[in-house]
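Colleague: I am new to this structure and would like to go through it step by step. Could you show it to me before we begin?

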Amino acid sequence: MDFNMKKLASDAGIFFTRAVQFTEEKFGQAEKTELDAHFENLLARADSTKNWTEKILRQTEVLLQPNPSARVEEFLYEKLDRKVPSRVTNGELLAQYMADAASELGPTTPYGKTLIKVAEAEKQLGAAERDFIHTASISFLTPLRNFLEGDWKTISVRALGLLRFMKERRLLQNRRLDLDACKARLKKAKAAEAKATLWNDEVDKAEQELRVAQTEFDRQAEVTRLLLEGISSTHVNHLRCLHEFVKSQTTYYAQCYRHMLDLQKQLGSSQGAIFPGTFVGTTEPASPPLSSTSPTTAAATMPVVPSVASLAPPGEASLCLEEVAPPASGTRKARVLYDYEAADSSELALLADELITVYSLPGMDPDWLIGERGNKKGKVPVTYLELLS
């Protein structure tokens with residue numbers, strides 16, 4: 001292997017000179033060329049963007065994959081440029097366990113039937129989680145990684161190359177050290193000139209080196225400035241990716257809410273069949289469902305109750321309420337949670353916070369009760385009521 005000893009010795013000398021200059025600057029024993037305020041601000045802004053992007057990226061990875069071993073495995077697959085194998089989510093794994101338990105304990109028993117229903121809901125939750133992780137990885141994590149592994153090292157409107165920014169910034173630091181070292185040598189040469197005229201050649205040489213170093217420093221500062229000013233376009237790109245992440249997360253939680261609401265309705269219906277004669281409902285106020293089109297107004301949305309015609313069993317829709325007498329036992333008081341407008345003459349309109357008497361009839365849909373207020377009676381939805389003991 002051919003070595004250039006002169007070049008090696010020259011590079012070693014330059015490195016040593018820069019190290020001495022840097023050390024003396026830190027101890028305040030040498031002059032340091034200060035960058036202008038705008039340039040310093042660009043440097044600080046670029047460093048801050050890089051540091052916070054790294055933190056946000058790492059924590060988002062933890063949010064999407066809490067298992068550190070799984071994150072390490074995915075990282076290795078990514079570095080090896082291989083496809084990450086499909087991984088079962090925790091919800092899907094729980095669904096499998098519940099389905100296996102129902103199969104062994106008896107799928108026709110009340111407990112087995114409920115296990116099957118919950119397993120199906122957990123499977124849907126797991127699928128929704130998988131879609132969310134995939135969408136968030138593509139629309140949010142990948143752009144952040146691209147910035148840290150590519151754009152941060154280039155940040156160039158002219159596409160200067162993969163490691164250009166770090167290289168140019170490092171060169172700028174070296175040019176500054178060379179410039180300050182030349183200034184120091186010039187000072188020493190001028191001091192020696194006062195003592196002996198024999199140093200004139202050394203002074204001229206030092207001044208020439210200073211002019212060259214100043215030119216190189218100014219050129220490098222301008223190149224680095226152009227690279228740093230490209231950081232604003234990175235913020236715009238990250239802002240768009242952040243909106244995509246929030247959108248995917250909103251969709252995920254809306255899907256989870258809908259799946260659990262459907263499961264709750266199924267369990268409520270099955271509870272009425274398993275324990276006949278009991279009231280199906282909750283003593284806690286029902287949470288209004290989330291609107292998938294307008295998440296910000298979800299808190300003001302009232303539960304959507306299907307019409308009686310679609311819920312009532314055959315023969316019940318033609319039931320004459322005037323002929324219905326309350327049972328001798330089994331009536332209860334209920335407080336109305338929300339205003340409810342009757343859909344037809346078989347239903348009873350409700351006002352929030354009023355008290356009514358409710359009871360159930362054989363064969364009624366478990367999501368509805370008969371409500372009485374004075375001499376008026378009609379069907380009322382259970383989700384609008386808080387049953388009192």
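Colleague: Which residue has its backbone oxygen 2.8 Å from a polar atom of the side chain of Ser248?

Modeller: This is a predicted model, in which local features need pLDDT of at least 70 and side-chain atom pairs count only at pLDDT 80 or more, while totals for chains, interfaces and linings use all residues. Residues are numbered from 1 along each chain as its sequence is written, and side-chain values use heavy atoms, with hydrogens and water left out. Ser248 has its place in helix H8 (residues 231-274), and a polar contact is a pair of N or O atoms within 3.5 Å, where within protein one must be able to donate a hydrogen and the other to accept it, and residues adjacent in sequence count only if both atoms are side-chain atoms. The backbone oxygen that lies 2.8 Å from a polar atom of the Ser248 side chain belongs to Phe245.

Colleague: Is Ser248 buried or exposed?

Modeller: Buried means under 20% relative accessible area, exposed over 50%, and partly exposed in between, using a 1.4 Å probe and protein chains only. Buried residues make up 33% of the 389 residues in the protein chain. Because the relative accessibility of Ser248 is 9%, Ser248 counts as buried.

Colleague: How are the planes of Tyr252 and Tyr253 arranged in their aromatic pair?

Modeller: Rings of Phe, Tyr and Trp (its six-membered ring) pair if their centres lie within 6.5 Å, and planes under 30 degrees apart count as stacked, over 60 as edge-to-face and the rest as tilted. The whole structure holds six aromatic pairs; in that of Tyr252 and Tyr253, the centres are 5.1 Å apart and the angle between the planes is 50°, so the pair is tilted. Ring pairs also link these two with Phe132, Phe140 and Phe245 into a cluster. As for accessibility, Tyr252 counts as buried at 15% and Tyr253 as partly exposed at 46%, while the arrangement of their planes is tilted.

Colleague: How far apart are the end C-alpha atoms of helix H2?

Modeller: Helices (H or I, at least four residues) and strands (E, at least two) are DSSP runs, numbered from the N terminus, and the expected span of a helix is 1.5 Å times one less than its number of residues. Helix H2 (residues 37-64) has 28 residues, so its span should be 40 Å. Its buried residues include Phe39, Leu42, Leu43 and Ala46.

Colleague: Which residue takes a positive phi of about 60° just after H3?

Modeller: Helix H3 (residues 68-79) reaches 17 Å from its first C-alpha to its last, close to the 16 Å expected. At its start, a side-chain oxygen of Asn67 comes to within 3.0 Å of the backbone nitrogen of Ser69. Just after H3, the residue with the positive phi is Asp81.

Colleague: Which strands stand at the edges of the open sheet?

Modeller: The open sheet has five strands in the order S4-S3-S2-S1-S5, with antiparallel pairing (two strands pair if DSSP finds at least two bridges between them). Each edge strand has a single partner strand, so one side of each is left without a neighbour in the sheet, and these strands are S4 (376-381) and S5 (385-387).

Colleague: Which residue stands opposite Gly371 in S4?

Modeller: Strand S3 (residues 368-373) pairs with S4 in the antiparallel sense over six bridges. In their hairpin, which has two residues between the strands, Gly374 takes a positive phi near 65°. The bridge partner of Arg373 in S4 is Lys376, and opposite Gly371 stands Gly378.
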